[in-house]
Structures are given as C-alpha cells and as structure tokens.
Amino acid sequence: MGVVPTYLFVDDGSTDGTLQVLRDVAGARKDVAYLSFSRNFGKEAAMYAGLKAALSFGPDYAAIMDCDLQDPPELLPDMVACIRRGSCDRVSARRVSRTGEPPIRSWFARRFYALMKHVVDFELVDGARDFSVMTPRFVSAVLSCGEYNRFTKGLFGWVGFSTEWVAYPNVERVAGETSWSFWALMHYALDGIVAYTVRPLEVLAGFGAVTSLIATCALVFVVVRALLFGDPVAGWPSLMTVVILTGGLLMLALGIIGFYLSKIYLEVKRRPLYVVAEAHGVDA
C-alpha cells in the first residue's frame, strides 16, 4: 500500500509557476499530492475539490487553509488538540481584529455579518475564516450539499454540528496581492445572502403590498378632491417625483429577482464545479 498523502494542494488555474513548484515538491516528497484545474474556477470550487479528495484518503481529521499564510499554521496544533477532545466536529479560526485592512472594507464586512445574523437560521460568526479542522462526518455533510453556487462559510454553519472557535489577530499575507477587489467581495457577499435566504424577496413583497395600499389611498384622495373642488392642473413636480421613484424601485426589485433567477439558471445547467487538468497522488 502506498503512502497516504498528508498535504494536498489545489492549484486553481494559476499562471505564476505554482504548478511547476508543486510538481517539484510532489516529486521529492511522497506525502504531498496536488490537483491542478484547467483554469481558474474560484475559491469555492477549489475548497470543494480539496475536501472531496482529502476525504478519499480516509483521514482522522481534515484541515483546510489558504496558502498565503493569512491563516497562521502555528494555530494547527491547538486546533487539532481541541478537536481530539471529542467535544466538537469542527474547530475554526476567527479573526478578532482587521488591522491592516482598508477601513471601508472592514466596515462593509461587519455590516454583512450583522445582516446575515438577522436573515439566516444558523450561526455565521463575524471574522470567521475557512481555516478549519474537521471530522470526516462534518466534511461528508458539507460535500453532500451539491449546489453549484457555493458559499462555504454558510455551508459550515448550515450543516450544524458543534464548533469551537480559536481567536487570533489579523495577519498580513506573506507575499503577493489579494485578487479580491471590493466589488468581488461585494458580489461574494450577495452570493451568500441569496444562497441562504429568500428574505429579500419577502421584503419586496411586503414593500409592494404597502406601496399598493398607499397608491390606493392616493387614488381615492385624488378622485374625491376632483369631485369636490375640480381638477386644476397642478402637482406636476410631485407627480414626476413619484413616477421616477416608483420606476427606480421597480428596477431594483427586478434586479433582485433577476439575481435569484441567475442562480437558478446556473444550478439547472448541472455543470461540474471544476475541471482537473493534472493530478498527482490523488484520483481526479
């Protein structure tokens, strides 16, 4: 029987020579395996592929972490010791500070977690990282969620099981620049909201009902006023204001509905989450 890999790397279609480094390391060490995608499929697809491959090794536990070392590896011994006590199925890292982040990005991140706390039915902790040590049954539960539009932080909370948290201050990446722009993070946050709640649609329905009631009252008022006092030509500015406001709100509503429909469109295609171009030490 061959050596079961201890370290599994997922190369998400990099173009900076990472794949060649992985080939060299895997050639020198039998405990290293890797998967390389045919192109960049995104972080969520990479994490799914990594967890699926890791589970096939039959591990006692599986750990997932970013390679830029913003997830401090020195936390792993404490995390493993914690999960070995048997009191939980996941030990996850949580940032307790955002030192070094742009202030506006930190502000929006906190607002996102505050919003999610009110619209989802599971715990999503502010500062939570994907960096986790998990039992095989926890990993299996996450992998059983086969949707195309994945938001792993939400899946970790949705599947349940007991979780312990390890707090640490923010750590700057060792090298390189993040590819996550403000708008990319905003889109990621919207994906998380749409994936786990229909509350925006419920809010739209409620707003539509209230608007219809107000419009009906206004119509009655206009008719009664015309019957009692005639109908002088007046109120053009206020009329245009109402028309423009209503049109803008309708466009916003259609945009939200369209966002949900776009996710349904991607789901029903049933395309694979990723395509593996090269693998070493693990079945693709």
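Author: Happy to, and please keep in mind that the model is predicted. The sulfur of C88 has its closest cysteine sulfur in C82, at 4.6 Å, which is too far for a bond.

Reader: How many disulfides does the count come to?

Author: A disulfide needs two cysteine sulfur atoms within 2.5 Å. Seen from C82, the closest cysteine sulfur is the one in C88, and at 4.6 Å it is too far for a bond. The count of disulfides therefore comes to zero.

Reader: Is C88 buried or exposed? And which value goes with C82?

Author: The cut-off for buried is under 20% relative accessible area. C88 has 5%, so C88 is buried. C82 is buried as well, and its relative accessible area is 10%.

Reader: Thanks! Let's turn to the rings: how many aromatic pairs does a search of the whole structure find?

Author: A search of the whole structure gives five aromatic pairs. In one of them, F37 and F41, the ring centres are 5.8 Å apart and the planes are at 85°, so this pair is edge-to-face. F37 is also buried, at a relative accessible area of 3%. To come back to your count, the number of aromatic pairs is five.

Reader: Which residues do ring pairs link into a cluster, and what lies over the face of F41?

Author: The cluster linked by ring pairs is made of F37, F41, Y48 and Y274. F41 has a charged neighbour too, over the face of its ring and 3.9 Å from the ring centre. That neighbour is R39.

Reader: Good, now the charges: where do the partners R129 and D66 lie, and how many residues apart are they?

Author: R129 and D66 meet through their side chains in a salt bridge of 3.4 Å, N to O. R129 is in strand β5 (residues 128-134), while D66 is in the loop between β3 (62-64) and α3 (76-84). These are distant parts of the chain, and the separation is 63 residues.

Reader: What does the salt bridge of R137 with D89 tie together?

Author: The closest N and O atoms of R137 and D89 are 2.8 Å apart. D89 is buried, and its relative accessibility is 9%.

Reader: Which residues do salt bridges that share partners join into one network?

Author: D130 forms a salt bridge with K153, with 3.7 Å between the closest N and O atoms. D130 sits in strand β5 and K153 in helix α6 (residues 152-158), 23 residues apart, and both D130 and K153 are buried. Salt bridges that share partners join one network of K43, D66, R129, D130 and K153.

Reader: One last item: where does R29 lie, and with which side chain does it make a polar contact?

Author: R29 is in the loop between α1 (18-28) and β2 (32-37). With a relative accessible area of 41%, R29 is partly exposed. Its side chain makes a polar contact, at 2.8 Å, with the side chain of D31.

Key:
Residues numbered from 1 in each chain as written. Predicted model: local features only at pLDDT ≥ 70, side-chain atom pairs only at ≥ 80, totals over all residues. Heavy atoms only, no water. Phe/Tyr/Trp six-rings, centres within 6.5 Å; stacked < 30°, edge-to-face > 60°. Buried < 20%, exposed > 50% of the residue type's maximum accessible area, 1.4 Å probe, protein only. Lys NZ or Arg CZ within 6 Å of the ring centre and 35° of its normal. Salt bridge = Lys/Arg side-chain N within 4 Å of Asp/Glu carboxyl O. Helix = DSSP H or I, 4+ residues; strand = E, 2+ residues; numbered from the N terminus. Polar contact = N/O pair within 3.5 Å; in protein donor to acceptor, adjacent residues only side chain to side chain.
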